Amino acid sequence: MGNTSTYFPEMDFDAVYRGEGPFQAPWDIADPQPAFVAVEQAGGIVGAVLDSGCGTGENAIYLAGRGLSVTGLDAAPTAVERARQKAVERGVEATFEVADALALDRYAQRFDTVVDSALAHIFDVPTLRRYAASLHVACRPRATVYLLAISDEGRDVMIERFREAMLRAGREDAAAEEWTSAIPRKRADELRDGFAEGWELESLEKTVMRTVLPPGSGYVDIGAWLVHFRRL
Ligand SMILES: C[S@@+](CC[C@H](N)C(=O)[O-])C[C@H]1O[C@@H](n2cnc3c(N)ncnc32)[C@H](O)[C@@H]1O
């Protein structure tokens, strides 16, 4: 998304999903995020659900498998195509479409719950405000949004793991280093600032984001925020 102002201004997500990035996607695990599983099991995810920046669809597919009506949207066509294939393979009904989460006008008033795993955390505060406004359009009154975003603490672990992996792979080129230093993180106050207009904070808690770090290894759970907002 070259036209968005984010911490990842040059990041070509589709290239990463095509296997042409400096690394395999560390977020692209083969399971739903445990934080969302817990929210769902506690009854926090209801009605028409949007998985915003759904990637290859694990969270959306999990929620659809629990009987929810789920739409997954992502700007990367390769991710959307993979999500559709996975849903078919697993016999789960979910809708996946290519869309810009910053311009959701065509989904006006469609959703009751939004889950976002690691999309909000790539946005800086001005872009987070645009994102909050876009979700406001797409959501019904009193809808809720759950953002899962890597925290400062999680980011430090991620960078350390990436540097180790780069050293082991003999990868010390500038592109890989630049990508590593651009790994985003969110302070809790940035997330709150981004959603200050039109949303009220329900809860903000420390949790973990499950990742594959270094790529090709097993799962590593790193520090993250789970933030829950309600649409006014
Ligand atoms: C860090 S990945 C997380 C993907 C997925 N939620 C997961 O947990 O596997 C961020 C995702 O946001 C998508 N993305 C980035 N900017 C976007 C935008 N403006 N609109 C929609 N999706 C976007 C990327 O293509 C990528 O799939």
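The legends below describe several close-up views of one predicted model.

In this predicted model, local features need pLDDT of at least 70 and side-chain atom pairs count only at pLDDT 80 or more, while totals for chains, interfaces and linings use all residues. Residues are numbered from 1 along each chain as its sequence is written, and side-chain values use heavy atoms, with hydrogens and water left out.

**View 1. Strand 1 and its covered faces.** Strands and helices are DSSP runs numbered from the N terminus, with at least two residues (E) for a strand and at least four (H or I) for a helix. Five of the five residues of strand 1 (residues 48-52) are buried, so this strand is largely enclosed by the rest of the structure; buried means under 20% relative accessible area, exposed means over 50%, and partly exposed lies in between, with a 1.4 Å probe and protein chains only. In a regular strand the side chains alternate between the two faces of the sheet. Here Ala48, Leu50 and Ser52 are buried on one side of strand 1, and Val49 and Asp51 are buried on the other.

**View 2. The neighbours of strand 1.** Strand 1 pairs in the parallel sense with strand 2 (residues 69-74) over five bridges, and pairing requires that DSSP finds at least two bridges between two strands. Within this pair, aspartate 51 stands opposite glycine 72. Strand 1 also pairs in the parallel sense with strand 4 (residues 111-117), over three bridges, and there valine 49 stands opposite threonine 113.

View 3. A backbone N or O atom of glycine 53 lies 2.6 Å from a nitrogen atom of the ligand. For a backbone N or O atom of serine 117, the distance to a nitrogen atom of the ligand is 2.8 Å, and for one of alanine 75 it is 3.1 Å.

**View 4. Helix 6 and its two sides.** Helix 6 (residues 152-168) has 17 residues and reaches 25 Å from its first C-alpha to its last, close to the 24 Å expected at 1.5 Å a residue, where the expected span is 1.5 Å times one less than the number of residues. Gly154, Arg155, Met158, Ile159, Phe162, Ala165 and Met166 are buried in this helix. Seen down the axis of helix 6, these buried residues fall within an arc of 130°, so they line one face of the helix; the arc is that of the directions from the helix axis to the C-beta atoms. The face turned away from the buried side carries the exposed residues Glu160, Leu167 and Arg168.

**View 5. Two loop residues with positive phi.** Most residues other than glycine have a negative phi. Glutamine 109, which is not a glycine, has a positive phi of about 60° and is placed in the loop between strand 3 (95-98) and strand 4. With a relative accessible area of 41%, glutamine 109 is partly exposed. Alanine 118 lies in the loop between strand 4 and helix 5, and its phi, near 70°, is again positive in a residue other than glycine. Alanine 118 counts as buried, at 17% relative accessibility.

Notes. Polar contact = N/O pair within 3.5 Å; in protein donor to acceptor, adjacent residues only side chain to side chain.
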